[in-house]
Amino acid sequence: MELITDLHTHSKYAGACSENLTFENINQTCIEKGINLISTGDFTHPLWFKDIKEKLVEKEKGIFSLKNQNNNISFILGTEVCTVFDEKGNSKNIFSRAPGVKKVHNCILAPSLETVEQINTELSKYGNLSLDGRPLLSLSTPELVEKLIAIDKNIFIFPAHAWTPWFGVFGSISGYDSIKDAYQDQAKHIYALETGLSSDPSMNWRVSSNDKYALLSGSDAHSPQKLGREAVVLNINKDEVSYEKVINSIKEKAISYTIEFFPEEGKYHYDGHRNCNVSLTPTEAKKFNYMCPKCRRKLTLGVLNRVEELADRDEDYILKGAPKYIKAVPLLEVLSYVYSKGVATKTVHDSYSKLLSTFGTEFNVLIKSDIEKIKSFDPELAKAISSIRSGKIKIKPGYDGVFGVIDILSREPEEKNSGKQSSMFDF
Ligand SMILES: [Zn+2]
Ligand SMILES: [Zn+2]
């Protein structure tokens, strides 16, 4: 009994998101990947909310499906918002670029369409909800929580990609040192945090003040192909899912396991400067006094740096009783690597389709199917999947908005591929 969920998604109305993020495409992608329950994303956006009401039908309390569909994909009402405020916690104009202005992203899940109507009415007082599927709001983070809980105590709020530098609650630029510091008297309503692509549960276990929070993983996908690149697997029967069961499972940390990106592959794992081609480990960044050795300006400090800064435990600490997690690489990327062809090429797409017709879903290929069975499909692919499952792949870590580069079967010569040991000095 397991329910694979993606609780952080967007629609075509969110900034930098693909036109292809329509309900029909999202539904179809969930079938292909094996996602059982997905957030609608962007319910604060008036046009997307109209789509939600027209295209979805409620099948269980707070759980929806696409109309006229004969499959079992469930939707839950969700969105992400960006609160804009200053260091003293005063809300700021959403366009403010004054120094010290903080921006923190939070995900919101809601139990019913009526509740969403009320949320949208309330939040539209603090920003223009039609500008972006992920709206900017002149509110502090505690104010946001207070206002939402006043509408309905069953609204569920969690910080999005908690460690990312610009918009994460612990980020090097906008962040705080703890959930308590960030949410103040409203911290009692926070039960979970999203680890984000650039961090995994074991990195989060190093900070003991986070022990009480459920660690969630969502895709934050900007196109259908990226849905489910991270996911939370709950111990709930697909046919008996309700909003309440999902929220209670998270609150009780009754999570079977999470599916994680390799954190080094995330865009903000290391420190650095994208424009200067400078990528540094936290130790190296410290040596340079956190200044870019090329342009002499402040480095963008990544997730690993912030984790090291806040950690009160060693790197290999294992939190007792914490849910397991599995690291995975999206199948299109794996195929692109195996065949040395671009992700969008016909070779990769044909092979993807063939795999789906043989194995059913992407998650079946990535995490469930017997390696021997994959071997009879393609031995090289089986080798790649097997090294991903064992966690033994090389990655040139991501930094300052640049995704990490994976080398699943160690094809690159050693000096070019620095992996975890040392960083890239490309200047
Ligand atoms: Zn975000
Ligand atoms: Zn620089």
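Buried means under 20% relative accessible area, exposed over 50%, and partly exposed in between, with a 1.4 Å probe and protein chains only. This is a predicted model, where local features need pLDDT of at least 70, side-chain atom pairs count only at pLDDT 80 or more, and totals for chains, interfaces and linings use all residues. Residues are numbered from 1 along each chain as its sequence is written, and side-chain values use heavy atoms, leaving out hydrogens and water.

**View 1. Trp 205 and Tyr 325 form an edge-to-face pair.** Rings of Phe, Tyr and Trp (its six-membered ring) pair if their centres lie within 6.5 Å; planes under 30 degrees apart count as stacked, over 60 as edge-to-face and the rest as tilted. Tyr 325 has 24% relative accessibility, so it counts as partly exposed. Trp 205, at 9%, counts as buried. Here the ring centres are 5.9 Å apart and the planes stand at 70°. Trp 205 belongs to helix α6 (residues 201-205) and Tyr 325 to strand β15 (residues 324-327), 120 residues apart. Helices (H or I, at least four residues) and strands (E, at least two) are DSSP runs, numbered from the N terminus.

View 2. The structure holds eight aromatic pairs. In one of them, Phe 156 and Tyr 191 are stacked, with centres 6.4 Å apart and planes at 20°. Phe 156 is buried at 2% relative accessibility, whereas Tyr 191 is partly exposed at 33%. Ring pairs also join Tyr 13, Phe 23, Trp 48 and Phe 75 into a cluster.

**View 3. Charges over rings.** A charge sits over a ring if NZ of Lys or CZ of Arg is within 6 Å of the ring centre and within 35 degrees of the ring normal. Lys 102 places its charged end over Tyr 176, 4.4 Å from the ring centre. Arg 411 lies over the face of Tyr 337, 4.2 Å from the ring centre.

How values were computed: Chains are lettered from A and ligands numbered from 1 in the order in which they are written.
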